[in-house]
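Work through the exercises below with the sequence and the model side by side. Try each task before reading its solution.

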Amino acid sequence: MDSIWTKTSLPQFEKLQKDIKVDVLVIGGGMAGLLCAYFLKQSGIRYALVEADRICSGITKNTTAKITLQHGLIYHKLIEKFGIEKAQMYLEANKEALTEYQKLCKEIDCDFQQQDAFVYSLDDKAVLEKELEALIRLGYQADLVKNISLPFSVAGSIRVQQQAQFHPLKFISKLIQGLQIYENTRVKELSKHMATTEHATITANKIIVATHFPIINKHGSYFLKMYQHRSYVLALENTPNFQGMYIDGAENGLSFRNYDNMLLLGGGGHRTGKNGGNWSVLEQFAAKYLPDSHEVCRWATQDCMTLDGIPYIGQYSKRTPDFYVATGFNKWGMTSSMAAAKILTDMVMGKNTPYAEVFSPSRSILHPQLLINAYEAMVNLLTISDKRCPHMGCALKRNPQEQSWDCPCHGSRFTHQGKLIDNPSTGDLNRK
């Protein structure tokens, strides 16, 4: 169940075998970490990046690879929760991320295409009008479109023009040339300015944790501030080109984008460790609306969801001044990775960034989702099971669709044989 992107092979890097000293250590070899390494190199900073497995072996290879500042129906919610100023910061950070991709992709052959982005509603035109009003208040041009190219009727959609899509691994294969990367180098222990791996010690003035779900439990309370969400993709041939990128504004709706001669149909999502629609929802949709299509491949991905819909980018916690984090991208990992890399590069260099406040990991946690996360953790900690997650001891749930054991608390996943698939756990399952 590999994605279409994995047909592109990436260079291999050696394991770290000797002690090194750097200004900045980046932990995690997905899009966010690799972009951090790239910008650190461009800035002349001594750095190194370590990855426990192969680079892009986790979430990055499973993205649908949309680059956009339109993250569903979010801006009216941001204005209501945080006010115009912070909503503006969020928009501008993502707008700059899109611009940076456009600049880099002029030099990288990665199937970069400008596309309009649409967020639609099946039955609620009022919420679309509210979102359009929010974008206008923020000074961004968008429009309300009644008829779109998808094969079913909608109440309408918000169109944001000149967004983008690309091939993420083609982009990365060129971006990483000349970077100081060590693969198969798992960090086993972290202290103030030191990371210990199996064969070496890394001394660093600053450390960036870009491991999808943060691996340090005793700071930041990320195990309460986030949960993980799985979603599914079918790559289909013999389908129309819908000329744009589309997503349903509803929580469990579908997403669409074309690549080459294929349609990438996404959806079927659910909290990790819970039941959900998975690929069956997509199969049913394809059978009804795309009867002439046939499947090329299928895959699933996993996203960290924050309490308030904004990623955590910045100082890991108030008590760890030299640790930084990028996490909680809420299904918008490509754009958020670029925003995070730009913000964190400035921060570790001591530069002021105008976006630090809105993305601060130390912002208020007083949101309803906190109670839900705490409840899920309590229930699963008290559940009797002989298979428990090494991360914090929650009972694991069987995932029959993907033949895995999944943690409903924080999203760690393991193969049937107990091998770690997804963090925050840092080790395999101890089988009984």
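## Exercise 1: a buried histidine

The side chain of H229 comes to 3.3 Å from the backbone nitrogen of H270, where a polar contact is a pair of N or O atoms within 3.5 Å, of which, within protein, one must be able to donate a hydrogen and the other to accept it, and residues adjacent in sequence count only if both atoms are side-chain atoms. This is a predicted model, in which local features need pLDDT of at least 70 and side-chain atom pairs count only at pLDDT 80 or more, while totals for chains, interfaces and linings use all residues. Residues are numbered from 1 along each chain as its sequence is written, and side-chain values use heavy atoms, with hydrogens and water left out.

Task: state in which strand H229 has its place, and decide whether H229 counts as buried or exposed.

Solution. Begin with the strand: H229 belongs to β11, residues 226-237, where strands (E, at least two residues) and helices (H or I, at least four) are DSSP runs numbered from the N terminus. Then turn to accessibility: H229 counts as buried because its relative accessibility is 4%, given that buried means under 20% relative accessible area, exposed over 50% and partly exposed in between, with a 1.4 Å probe and protein chains only.

## Exercise 2: a strand between two partners

Task: find which strands β13 is joined to by bridges, and say how many of its residues are buried.

Solution. Strand β13 covers residues 255-259, and five of its five residues are buried. Looking at the directions of the side chains, S255, R257 and Y259 point one way, whereas F256 and N258 point the other way.

Next, take the partners one at a time, remembering that two strands pair if DSSP finds at least two bridges between them. Strand β12, residues 245-248, runs antiparallel to β13 and is joined to it by two bridges, and a hairpin of six residues links β12 to β13. Strand β14, residues 262-271, also runs antiparallel to β13, with five bridges between them.

## Exercise 3: the partners of β6

Task: list how many bridges join β6 to β3, to β4 and to β5.

Solution. Strand β6, residues 156-165, is mostly covered, with seven of its 10 residues buried. Strand β3, residues 66-67, pairs with β6 over two bridges in the antiparallel sense, and I67 stands opposite A164. Strand β4, residues 113-121, is antiparallel to β6 over eight bridges, and here Q114 stands opposite A164. Strand β5, residues 143-145, is antiparallel to β6 over three bridges, with R159 of β6 as the bridge partner of D143.

## Exercise 4: the lining of a pocket

Task: say which strand gives the most to the lining of the second largest pocket.

Solution. On a 1 Å grid over the protein atoms alone, a pocket is an open set of points with protein on both sides within 12 Å along at least five of seven lines, and lining residues have an atom within 4 Å of a point. The second largest pocket is lined by 22 residues, of which L190, I215, I216, N217 and K218 lie nearest its centre. Strand β8, residues 187-191, gives the most to this lining, with five residues.

Methods:
1 Å grid on protein atoms, 1.4 Å probe; cavity = no way out; pocket = protein on both sides within 12 Å on 5 of 7 lines; lining within 4 Å.
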